[in-house]
Amino acid sequence: MDRLIHGRPYEETQEGPRFRPCAPNGVLARLGDKWTILVMSHLAVARGHRLRFSELKNGIEGITQRMLTLTLRNLERDGLLVRHYFPEVPPRVEYELTEMGASMLPALEGFTSWIRENWPHIEASRHAYDARP
C-alpha cells in the first residue's frame, strides 16, 4: 500500500520504507539546476514580465549563451515559459512565464528563503565535515 511523505509516495515493506523514482524527479532536477530559478526570477520582476534573450543574459551574472538557451528551451518544454516570436526585420523573440510558471514563484520563494536562512549553518557543517580526519 502506498503512503505519502511530503507529497512523495512510498511503500511500506517488511524491510522498511521503499521509494521509487517517479515523474516529478525530472521537474525537481530542473528546478534545482543552477540557472532555472534565476531565469524565472528575472522574468517575474521584468517590466511587463517579458524579456528578450539579451536582456536575460545581461541580467544573470555568469550565464553563458549556451546555458541560457538550454534553460529557456527546457522551461518552454515543461510549460513554465512561453516564447513569443515576432517576424520583424530583424526578428524579435521575447520570453514570458506561463500561468503555471508564475504559480511556481511562491514555492520558489519559500525554497530560496529556507536556503538564505540556513546557508551559514550549511557552510559551517561542510567546513566541519571537510576538516574531519
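Trainee: Which side chains meet in a salt bridge at 3.7 Å, N to O?
Mentor: Those of Glu12 and Arg3 do. A salt bridge here is a side-chain nitrogen of Lys or Arg within 4 Å of a carboxyl oxygen of Asp or Glu. Please note that this is a predicted model, where local features need pLDDT of at least 70 and side-chain atom pairs count only at pLDDT 80 or more, while totals for chains, interfaces and linings use all residues. Residues are numbered from 1 along each chain as its sequence is written, and side-chain values use heavy atoms, with hydrogens and water left out.

Trainee: Why would such side chains pair?
Mentor: Side chains of opposite charge can pair when their charged atoms come close.

Trainee: Is Glu12 buried, partly exposed or exposed?
Mentor: Glu12 is partly exposed, at 39% relative accessible area. Arg3 is also partly exposed, at 44%. Buried means under 20% relative accessible area, exposed means over 50%, and partly exposed lies in between (1.4 Å probe, protein chains only).

Trainee: How many salt bridges does the count come to?
Mentor: The count comes to five.

Trainee: What does Arg50 pair with, then?
Mentor: One partner is Glu94, with the closest N and O atoms 3.3 Å apart. This pair links distant parts of the chain, since Arg50 lies in strand S4 (residues 50–52) and Glu94 in strand S6 (residues 92–97), 44 residues apart. Helices (H or I, at least four residues) and strands (E, at least two) are DSSP runs, numbered from the N terminus. Arg50 is partly exposed at 29%, whereas Glu94 is buried at 13%.

Trainee: And which other Glu forms a salt bridge with Arg50?
Mentor: Glu96 does, and the closest N and O atoms are 3.3 Å apart. Glu96 is in strand S6, 46 residues from Arg50. Salt bridges with shared partners join Arg50, Glu88, Arg92, Glu94 and Glu96 into one network.

Trainee: Changing topic: at what angle do H2 and H4 pack?
Mentor: Helix H2 (residues 36–45) and helix H4 (residues 65–77) pack at about 75 degrees, with axes 10 Å apart. The two helices are therefore roughly perpendicular.

Trainee: Which residues meet there?
Mentor: Thr36, Val39 and Met40 in H2 meet Leu68, Thr71, Leu72 and Leu75 in H4. By class, this contact has five nonpolar, two polar and no charged residues.

Trainee: What do those terms mean?
Mentor: Contact means heavy atoms within 4.5 Å. Angles under 35 degrees count as roughly parallel, over 145 as roughly antiparallel, 65 to 115 as roughly perpendicular and the rest as oblique.

Conventions
Axes are lines fitted to C-alpha atoms, for helices over the stretch in contact, and angles run from 0 to 180 degrees between N-to-C directions. Ala, Val, Leu, Ile, Met, Phe, Trp, Tyr, Cys and Pro count as nonpolar, Asp, Glu, Lys and Arg as charged, and the others, Gly among them, as polar.
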